Amino acid sequence: MGQHRSADDRALGMDRPISRRDFLDGMAQAAGAAALSVAGSAHSAAPLPNDGVAAPRRQGLRGFENAAMEAGHAVRDGKGFGASADTGEHYDLAVVGAGMSGLAAAWSYRQQMPGARVLLLDGCDDFGGHARRVEFDVGGRQLLVCGGTQELWNLSTFSPESLRMLADIGIDRERYRRHVAADRDAFAAAGLRPGTFYNREDFGSDRLVLNPSMQGITAERLRAHYDTTPLPEPVKLGMVRYFTDATDHMAGLAVEEKIRRLRQMSFTDYLLNVARIPPEAVAYHVAGWGNDMDNSSAGYDTMSAWAASRSYPQSFAGLGLPKVERRSNVVADVGELIQFPDGNAGVARLLIRHLVPGSLPGSTAEDSIRAQMRYDRLDRPGSDVRIRLSSMVVRAAHVGDPGGARAVDITYVQDGRAQRVRAGAVVMACFNAMVPYLVPDLPVEQKAALSRAVRKAQLRSFVAIRDWKAFQKLGVYGIGSRGMPFAFTTPWVMPEWGGAYENARTPDEPAVLFMNLSRHVLDQRHNGLPPRERWKAARATLQAMTFESLERDIRSQLNRMLGGGGFDAARDIAGITVCRWAHGYAGGANELYDAEDAPWLVGRQRFGRIAIANSDAAATSLTNAAFAQGHRAVMELVNDVVRPVYDFRWSERDGRM
């Protein structure tokens with residue numbers, strides 16, 4: 001493959017065999033086709049992916065595998081899978097989806113029904129859903145990042161059941177506080193500052209400019225900074241006004257009336273028509289955002305000004321709006337925000353250690369971090385809890401009338417063969433928009449509500465580099481970019497958990513860079529559409545991207561941004577993993593577009609012996625919601641079906657999450 005590359009590609013290092021791109025791109029379509037073939041033999045465990053490498057260590061294009069996506073789309077399109085083979089297995093509970101909600105459901109069911117046999121089925125080759133562990137090995141050094149969900153955010157909002165579960169699996173908030181207090185960030189210690197990269201296509205030449213500290217900055221100091229940049233005058237004026245103008249742009253109105261009006265206009269409308277920011281500055285500011293901003297919107301033009309004021313308060317400073325309490329984002333409350341080096345994959349691993357004894361060596365949260373998961377033990381005959389990966393569920397149907405059925409049959413596709421298991425109850429912890437296709441007997445109204453759970457596409461790219469000398473030489477840490485494929489690039493630094501993990505200490509040591517895809521690559525191509533329609537269009541754009549094109553963009557952009565510090569992509573890049581989440585994070589209600597009908601409350605209603613979980617069922621992408629919905633779904637089954645006793649502690653019939 002490399003011998004056919006251009007000289008430019010070879011200069012970027014595209015011919016270097018570091019990313020398994022040949023296997024992952026070359027076999028993608030074959031894998032998708034295999035997932036759609038007719039049923040054959042009974043279940044067989046698949047401890048490792050097809051290339052023999054444990055899932056977290058696989059590089060190239062990761063996230064949702066093509067095989068799982070193709071199988072899901074086949075169900076949506078009404079394609080059959082042939083007759084399914086009965087595995088002869090019967091479980092007390094089957095959980096569809098081994099993400100955070102599904103794992104919480106399995107834990108909760110076992111708490112309520114000790115000794116219960118539980119099977120978790122997931123179409124991906126790894127567990128955790130978006131809480132996906134990514135590993136690199138650079139010169140014998142293990143580097144960890146998270147491919148999706150990054151943290152347990154604001155633990156004070158977690159339910160008592162979720163907090164008990166976290167304590168049960170070994171997460172101690174006070175011990176974590178002590179660990180974080182002892183951490184040292186080598187990048188911060190080196191005095192590195194954030195910077196902005198201005199590209200030659202838009203600004204005449206490639207240029208990296210260090211940014212000032214924004215804390216307490218005056219208009220004069222900010223203007224002096226912008227005068228060192230190649231920005232045109234309207235952008236300079238507008239950006240100074242955006243960050244420092246404390247004018248009440250809605251003077252004469254009561255606070256309640258200001259809020260009412262802000263709820264009815266977009267952030268873009270507010271900036272242009274109320275705050276009077278020049279359109280050139282608004283366009284420049286929008287271009288700097290990555291693809292993971294507010295999950296209920298698809299950009300400034302679909303986000304209400306009121307919602308924007310809660311997250312981006314700078315241009316609302318003079319309006320006298322109620323202040324936002326941000327308890328979990330300050331150092332004093334570090335125990336409210338718990339992060340593992342591999343994000344919430346670390347939590348998923350602890351849950352699996354608890355559910356499947358012997359699957360993960362060790363006994364503490366700290367000793368789990370570097371340990372290797374025993375994938376060959378996740379689906380062993382005789383285990384009370386089994387986790388079956390690369391097994392895409394395509395149907396869940398009651399055995400008989402849903403009102404009186406005693407069991408549910410679950411059909412899944414693994415290695416191209418349709419197979420069937422039976423369970424006394426089922427928790428659908430998968431994407432809620434797929435549930436109407438997997439459970440076609442659902443009431444029409446419920447199907448319509450579930451279909452509105454459209455998810456936002458996400459892409460997270462990680463680059464292992466052999467050292468970070470270029471960052472030190474340039475004096476830069478995180479780099480924002482305008483007009484480039486990736487809007488933000490920064491070294492990945494996470495808590496070290498008392499020495500259980502170690503970030504890079506010196507510039508000679510390897511590190512991982514996180515690169516956030518620019519919004520203009522996805523959502524901004526579909527301006528004018530409502531959020532859900534824009535997400536669907538962005539999903540198609542994302543799904544059409546190849547790893548080769550993404551890798552080329554990564555290498556080229558890093559060379560351009562860091563070349564002045566001596567960075568050479570061909571020499572300095574040791575690995576690349578791109579996590580593509582075409583169905584990314586759950587979207588919430590958007591007050592500019594949605595009626596106040598809360599469709600997720602209708603969608604998540606129990607249907608016979610089938611309950612519905614996932615963060616979609618709470619219309620938010622937070623892990624606390626995923627946990628809570630897993631617990632709720634289980635208690636609906638336990639209280640109303642398995643062990644019919646009304647339990648006021650768990651009842652949510654009043655519509656609350």
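This is a predicted model: local features need pLDDT of at least 70, side-chain atom pairs count only at pLDDT 80 or more; totals for chains, interfaces and linings use all residues.

Guide: Happy to. Residues are numbered from 1 along each chain as its sequence is written, and side-chain values use heavy atoms, with hydrogens and water left out.

Let's start with helix 5 (residues 100-112) and helix 16 (residues 345-355), whose axes come within 10 Å and cross at roughly 30 degrees. Helices here are DSSP runs (H or I, at least four residues; strands are E, at least two), numbered from the N terminus. The axes are lines fitted to C-alpha atoms over the stretch in contact, with angles from 0 to 180 degrees between N-to-C directions. Helix 5 and helix 16 are therefore roughly parallel. The crossing of helix 5 past helix 16 is left-handed, meaning that the near helix is turned anticlockwise from the far one by less than a right angle (clockwise would be right-handed).

On the helix 5 side, Met100, Leu103, Ala106, Trp107 and Gln111 make the contact (heavy atoms within 4.5 Å). They meet Val347, Ala348, Leu351, Ile352, His354 and Leu355 of helix 16. By class, 9 of these contact residues are nonpolar, 2 are polar and none is charged. Nonpolar covers Ala, Val, Leu, Ile, Met, Phe, Trp, Tyr, Cys and Pro, charged covers Asp, Glu, Lys and Arg, and the others, Gly among them, are polar.

Val347, Val427 and Phe627 touch the most other members of the largest nonpolar core, which has 79 residues. Such a core is a set of buried Ala, Val, Leu, Ile, Met, Phe, Trp, Tyr and Cys residues joined through side-chain atoms within 4.5 Å. Buried means under 20% relative accessible area, exposed over 50%, and partly exposed in between (1.4 Å probe, protein chains only).

Stepping back, the protein has 25 helices and 21 strands. Of its 657 residues, 57% count as buried. Among contacts with a separation of 6 or more, 73% join residues 24 or more positions apart.

Helix 11 (residues 233-244) and helix 14 (residues 279-287) pack with axes 7 Å apart, at an angle of about 70 degrees. Helix 11 is therefore roughly perpendicular to helix 14. Helix 11 brings Pro234, Val235, Gly238, Met239, Tyr242 and Phe243 to the contact, and helix 14 brings Glu280, Ala281, Tyr284 and His285. That contact has 7 nonpolar, 2 polar and 1 charged residues.

Within helix 14, Ala281, Val282, Tyr284, His285 and Val286 are buried. Their cover includes strand 8 (193-198), helix 9 (200-203), helix 11 and helix 13 (267-274).

Methods
Angles under 35 degrees count as roughly parallel, over 145 as roughly antiparallel, 65 to 115 as roughly perpendicular and the rest as oblique.
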